[in-house]
Amino acid sequence: MSNQTIRRVLWKHGYHGKVPRKKPFISESNRIKRLLFANEHVSKEEDYWDRVIWFNEMRINLFGSDGCNRVWRKGNNIFQHDNDPKHTAEIVETWLIWNVPQELKTPHQSTDLNPIEHLWPILKRRVRSGKVTSIPELKRVVAKEWQNITPEVCKKLVTCKCHYKCREFTEEAIRKLHTDFWKQPADVQGTFLMGLINIVNIQRRHDGDYDDPSSSRRQVSVTYCLPTNNSHVQVCSRSFKNMLGLSDKHVYTLTQKKKVGAKIFEDHRGKNPNSHLHKKKYTEVDKELIKSHIMSFPIEESHYSRHKSTKCYLSPDLNIHRIYRAFKILHPDSNIDHRFNRRVFKGEFPKLSFHRPRADRLKN
């Protein structure tokens, strides 16, 4: 059975291949270092980044694993590395002193700050296009495909590579757009964003595993725009999120609202009268009412005879929830909820339990 047959059967039964989202752990100290790095380099011109030599490691598996380190260099460049222990070894530090005039050290756990990470999938696809069956052949193919990577491909890794007009926005314009946007309240922000998100009909469909186009999961396309001086300019989704500092979930939520015809965003956070019932402030009268209700049930003292015990017991047929239900029957108009009832029980009666007291003496 071929791989294509397996994929076709899975597609027929509604299974679709997805790339799992990975969210690496970033320690608190590295979060601070990442923020400091970003603040120090946010104002660097594009010419500065053109001179940076990005460095990292990659592994290509072939009946096991193999690693390859590759860099490219051109005079008066800046060498980047991420303070990995392999990069801070004494032999490496010595080589950097004699061969690298300038260094750019990015914080740990910051692969998203290194554009060369986007180059590895390109290289791996090219390597896999050939039929490699041995480690020596893999090394030869990797070296060959590495040399075939053009500067134009590398250039697209540090700038937006879409065919829209994302590059027309200057750094000053992006900063002003971002600042003005976040000065507005949530309702205004949402309405503004929904005006920049456009839902359009699909102009061209790709062949899929369906006979009727209406059975396709994708019925519309989503386009994004950003305002300029006199008009709106279409940009890619990545630039749209990055320029305004938006999360994927935020944009997805607004897109879903736009698909059902909404044009104005309403922020309902904190406006649901039932969402903060557990935060209601109760008075001492409410507390005493709960305490007197609990004390109205028969309480037995502990029979433990070796030492005077302060433990007391309610009937094993009771529990906190049943006590609260009895309270609501006696006081149907009270606004006390079960959370406050539990909090009073645990806080005011720490020695009270629900089972029969035990004794340490045998019965005759």
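Tyrosine 313 has serine 353 of strand E11 as its bridge partner. The model is predicted.

**The sheet**

Strand E10 and strand E11 pair in the parallel sense, over two bridges. They belong to an open sheet of three strands, ordered E9-E10-E11, with mixed pairing. Strands E9 and E11 stand at the edges. Each has a single partner strand, so one side of each is left without a neighbour in the sheet. In general, strands of a sheet pair through backbone hydrogen bonds, either parallel or antiparallel.

| Strand | Residues |
|---|---|
| E9 | 300-301 |
| E10 | 312-313 |
| E11 | 352-353 |

**The helix pair**

Helix H9 spans residues 186-196, and helix H11 spans residues 248-259. The two pack at an angle of about 70°, with their axes 10 Å apart. Angles of 65 to 115 degrees count as roughly perpendicular, and H9 and H11 are therefore roughly perpendicular to each other. Their crossing is right-handed. H9 makes the contact through Gly190, Leu193 and Met194. H11 contributes His250, Leu254, Lys257 and Lys258. By class, the contact of H9 with H11 has three nonpolar, two polar and two charged residues.

**Lysine 241**

Helix H10, residues 237-244, holds lysine 241. Is lysine 241 buried or exposed? The relative accessible area of lysine 241 is 18%. Buried means under 20%, so lysine 241 is buried. Not counting residues up to four places away in sequence, lysine 241 touches Leu246, Asp248 and Val251.

Terms used: Residues numbered from 1 in each chain as written. Predicted model: local features only at pLDDT ≥ 70, side-chain atom pairs only at ≥ 80, totals over all residues. Heavy atoms only, no water. Axes fitted to C-alpha atoms, helices over the stretch in contact; angles between N-to-C directions. Helix = DSSP H or I, 4+ residues; strand = E, 2+ residues; numbered from the N terminus. Parallel < 35°, antiparallel > 145°, perpendicular 65-115°, else oblique. Left-handed = near helix turned anticlockwise from the far one by under 90°. Contact = heavy atoms within 4.5 Å. Nonpolar A, V, L, I, M, F, W, Y, C, P; charged D, E, K, R; others polar. Buried < 20%, exposed > 50% of the residue type's maximum accessible area, 1.4 Å probe, protein only. Pairing = 2+ DSSP bridges.
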